[in-house]
Amino acid sequence: MEIKHAAASGTLESSDIMVTVLPGTEGIRISLTSSVERYYGDSIRETMLQVLEEMDVKNADIEAVDHGALDCTIRARMVIAVRRACREEEPL
């Protein structure tokens with residue numbers, strides 16, 4: 001899938017994650033800010049990379065602000081943000 005424009009999914013509430021997907025040119029870049037990064041940062045990044053691989057995204061810049069989201073929430077937010085970012089037209 002090709003990222004056509006910026007798109008986001010999620011909230012900044014406790015137990016959620018805000019994911020922003022932007023077009024990239026040099027592979028995948030993930031910028032993560034997390035209240036639990038010290039303990040789960042690697043796992044969060046791995047989950048994000050798995051979703052991008054499953055969706056065949058080769059170039060993207062990902063910005064994520066996590067507040068203790070579970071793995072299933074991270075996956076859901078990533079899928080929605082990528083799908084929104086791949087649309088031909090930006091949502092209103």
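This is a predicted model: local features need pLDDT of at least 70, side-chain atom pairs count only at pLDDT 80 or more; totals for chains, interfaces and linings use all residues.

User: Why is Ala81 called buried?

Analyst: Ala81 has a relative accessible area of 0%. Buried means under 20%, so Ala81 qualifies as buried. This residue is found in helix H2, where Thr73, Ile74, Met78, Val82, Ala85 and Cys86 are among the other buried residues.

User: What covers the buried residues of H2?

Analyst: The cover includes strand E1 (7-9), strand E2 (17-23), helix H1 (37-54) and strand E4 (60-66). For Ala81 itself, leaving aside neighbours within four places in sequence, the contacts are Ala7, Ala8, Ser9, Val19 and Val21. Each of these counts as a contact because heavy atoms lie within 4.5 Å.

User: How do you know that the span of H2 is close to what is expected?

Analyst: Helix H2 covers residues 71-86, which is 16 residues, and reaches 23 Å from its first C-alpha to its last.

User: What makes E1 and E2 a pair, and in which sense do they run?

Analyst: Pairing requires at least two bridges. E1 and E2 have 3 bridges, in the antiparallel sense, and therefore count as paired. Ala8 stands opposite Thr20 in E2.

User: Why is Leu32 called buried, and which residues does it contact?

Analyst: The relative accessible area of Leu32 is 9%, which is under 20%, so the residue is buried. Leu32 is placed in strand E3 (residues 28-34). Leaving aside neighbours within four places in sequence, Leu32 is in contact with Glu37, Gly41, Ile44, Arg45, Ala64 and Asp66.

User: Are Cys72 and Cys86 buried or exposed?

Analyst: Cys72 has a relative accessible area of 53%; exposed means over 50%, so Cys72 is exposed. Cys86, at 13%, falls under 20% and therefore counts as buried.

User: How many disulfides does a search of the whole structure find?

Analyst: The search finds 0 disulfides.

How values were computed
Residues are numbered from 1 along each chain as its sequence is written. Side-chain values use heavy atoms; hydrogens and water are left out. Helices (H or I, at least four residues) and strands (E, at least two) are DSSP runs, numbered from the N terminus. The expected span of a helix is 1.5 Å times one less than its number of residues. Buried means under 20% relative accessible area, exposed over 50%, partly exposed in between (1.4 Å probe, protein chains only). A disulfide is a pair of cysteine sulfur atoms within 2.5 Å.
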